[in-house]
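Me: I have a new structure open on my screen. Can you take me through how to read it, feature by feature?

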Amino acid sequence: MSLPEDLQRASVIASCSNPLPGNIVSQYGKRIIRISDHQVVKCGPDVTREEFENQRIAYELVDSRIVRIPRVYDFFSDEQGWGYIVMEFIDGKVIDPLTDISAIQRVASVLSHFATLRYNIPGSLYGRACRGLLFPETEDLVFDSLDRMEKWFNSRLFAHNPTLTLQGCELVLCHLDIAPRNILWQEDGSLCLVDWASAGFYPRLFEFCMQWIFDGKDGNFNSLLLESVDPLSDHEMAQKEAVLCAWRNIQKYPFRNKTSTSRQGLSKHSSDLLPVPAHPMPDYPLEWYEKAERECSITTSPT
């Protein structure tokens, strides 16, 4: 006889709150705790149902003969707002840094497989907000067409930036966080891909952009992977600088919307709220900052 669901979840929370050292599978950002011979739990304040659903759909879509994805079983949150994803345990090891050419070519073949899985609407696999480094954490962006997503990116570009043209780009399965830490290598040489929080259907260019953004941060992995994957079309390659400019602008400048972006005021598609690009802040002369620092350090003499 199995335990009631709430007791099962309470047991999972207890196992994760005070795990035995040997049960901690990974602490790369979020904790992965082994709770049985066949199951692990990913837990943390940023673990969401969206990630659970993304991974569930990815598991159903991909060919497991090419890449394995842990099957997910349950998601729930505790009173503190931590999320818990109960999933299949797949025995494997992380190789980091990853510089073996044959292994990187295996990763490239996985991306080639992803490029065969297409959809006609951009966004997360779950159909909810776009996540990942290319999108701001402060907005729940949902697009009902490639044209709307293109307009949103162009609204994050200034007059001196190139214009983005995504028309003609196919929307394919993208992971958007391909890195050595997210690849488990099994003894037979097969690989398992984890961390599906940012995954969705996007132009293949976006997967490339993530590697360009992180180039050098994972050693030679990023550049070697870019050399191994099927090249982008000339049209896609021509959009590289526009996407990267938009990403840099999002990181550097505040943007405001014409309409309130409170959750109560959001329409079904938040891209309806076309943002007004903020003017870039000027680079003030260094002596201005030094003067301000001196003035702030002056204390008033007691009278």
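Reply: Start with confidence. pLDDT is the predictor's confidence in each residue, from 0 to 100. You need it here, since this is a predicted model.

Me: What is the mean pLDDT of the chain, and how many of its residues reach 70 or more?
Reply: The mean is 87. A pLDDT of 70 or more is reached by 82% of the residues.

Me: Where does pLDDT stay under 50?
Reply: Where pLDDT is low, the predicted coordinates should not be read in detail. One such stretch is residues 258–284, where pLDDT stays under 50. The model still gives that stretch 41 contacts beyond four places in sequence. Residues 295–303 also stay under 50, and they have zero contacts beyond four places in sequence.

Me: Now a helix. How many residues has α3, and what span does it reach?
Reply: Compare the end-to-end distance with the expected one. Helix α3 covers residues 101–114, 14 residues in total. From first C-alpha to last it reaches 20 Å, close to the 20 Å expected at 1.5 Å a residue.

Me: Which residues of α3 are buried, and what covers them?
Reply: In α3, the buried set is Ala103, Ile104, Val107, Ala108, Val110, Leu111, His113 and Phe114. Their cover includes strands β8 (171–174), β9 (183–185) and β10 (191–193). Helices α5 (204–213) and α6 (221–228) are also part of that cover.

Me: What does α6 pack against with its own buried residues?
Reply: Those residues pack against α3, β9 and α5. They are Phe221, Asn222, Leu224, Leu225 and Leu226.

Me: How many disulfides does the structure hold?
Reply: Go by the distance between sulfurs; the cut-off is 2.5 Å. This structure has zero disulfides. Cys43 is in none, and its nearest cysteine sulfur, in Cys16, is 4.1 Å away. Cys43 is buried, at 2% relative accessible area.

Me: Last, the aromatics. How many aromatic pairs are there?
Reply: Read the distance between ring centres and the angle between planes. The structure holds 15 aromatic pairs. Take Phe158 and Tyr253: their centres are 5.4 Å apart and their planes at 75°, so this pair is edge-to-face. Phe158 lies in the loop between α4 (146–154) and β8, and Tyr253 in the loop between α8 (240–252) and β12 (256–257). The pair therefore ties together parts 95 residues apart in sequence. Phe158 is buried at 12% relative accessible area, and Tyr253 is buried at 14% relative accessibility.

Me: Are the rings of Tyr202 and Phe206 stacked or edge-to-face?
Reply: Stacked, because their planes are at 25°, with centres 5.7 Å apart. Both Tyr202 and Phe206 are buried.

Definitions and conventions. Residues are numbered from 1 along each chain as its sequence is written. This is a predicted model: local features need pLDDT of at least 70, side-chain atom pairs count only at pLDDT 80 or more; totals for chains, interfaces and linings use all residues. Side-chain values use heavy atoms; hydrogens and water are left out. Helices (H or I, at least four residues) and strands (E, at least two) are DSSP runs, numbered from the N terminus. The expected span of a helix is 1.5 Å times one less than its number of residues. Buried means under 20% relative accessible area, exposed over 50%, partly exposed in between (1.4 Å probe, protein chains only). Contact means heavy atoms within 4.5 Å. Rings of Phe, Tyr and Trp (its six-membered ring) pair if their centres lie within 6.5 Å; planes under 30 degrees apart count as stacked, over 60 as edge-to-face and the rest as tilted.
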